[in-house]
Amino acid sequence: MTMLRHVGIVVSDLERALFFYRDLLGFSEARIMDESGDFIDAILGMNKAHLRTVKLASADNASQIELLEFMNPLVRDINRNIDLSTRGPTHIALTVDGLEALHQRMSAAGVEFTTAPRRSVDGRALVTFCRDPDGTYVELVELLEPPQ
C-alpha cells in the first residue's frame, strides 16, 4: 500500500510561511523540530545540515505539509519565474470550505491570486491559484454539489 505522507516545502522565513499555511489556510501545527546531526545529514545527503521543521496537519489529519527552514546550508533561490506548465512539480492543491470568503480574507492579507474563484467547466468546484510567501503555487478548490 502506498499513500502520500506529506509535501515538503523549503521556506525562507518560517514565521511568514506559518502565517500563510496555519493562520490563513487553517492547518494546525502537528510537530515542530530542530534537526541536525548524523541522521539528518545522512538522509538529506548533506554535511552539517541544520534546519527547523514544522509539520502542519489538515483538519481531517489525512495529509500534512512540512515546512523546512534551513539555517545550514543557506537556502538557494530557484527560478521563481516558472509557470504552471513547467515540467515537474508546479503546485500543491488544497480542498477548502468557503473559498469566496477565504479568497477575500487572503487578498486582504496581501496574497495575490491568478483570478477570483471560478466555477470549473463541469460545475463541480470553485477553483483559484495563489502563491505562498516564497512563490510556491497553491491551488485552492471548494467542492460543490453537482449541477442538476
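Guide: M33 counts as partly exposed because its relative accessibility is 28%; buried means under 20% relative accessible area, exposed over 50%, and partly exposed in between (1.4 Å probe, protein chains only). This is a predicted model, in which local features need pLDDT of at least 70, side-chain atom pairs count only at pLDDT 80 or more, and totals for chains, interfaces and linings use all residues. Residues are numbered from 1 along each chain as its sequence is written, and side-chain values use heavy atoms, with hydrogens and water left out.

Visitor: Where is M33 found, and which residues does M33 touch?

Guide: M33 belongs to strand β2, residues 28–36 (strands are DSSP runs of E, at least two residues, and helices of H or I, at least four, numbered from the N terminus). Not counting residues up to four places away in sequence, M33 touches L51, R52 and T53, where contact means heavy atoms within 4.5 Å. The C-alpha atoms of M33 and R52 are 5.6 Å apart, although 19 residues separate them along the chain.

Visitor: Is V11 buried or exposed?

Guide: V11 counts as buried, because its relative accessibility is 1%. V11 lies in the loop between β1 (6–10) and α1. Beyond four places in sequence, its contacts include A17, L67 and E69.

Visitor: How many residues has the largest nonpolar core?

Guide: In soluble globular proteins, nonpolar side chains tend to be buried together. A nonpolar core is a set of buried Ala, Val, Leu, Ile, Met, Phe, Trp, Tyr and Cys residues joined through side-chain atoms within 4.5 Å. Here the largest has 26 residues, with L67 among those having the most contacts inside it. Helix α1 gives the most to this core, 6 residues.
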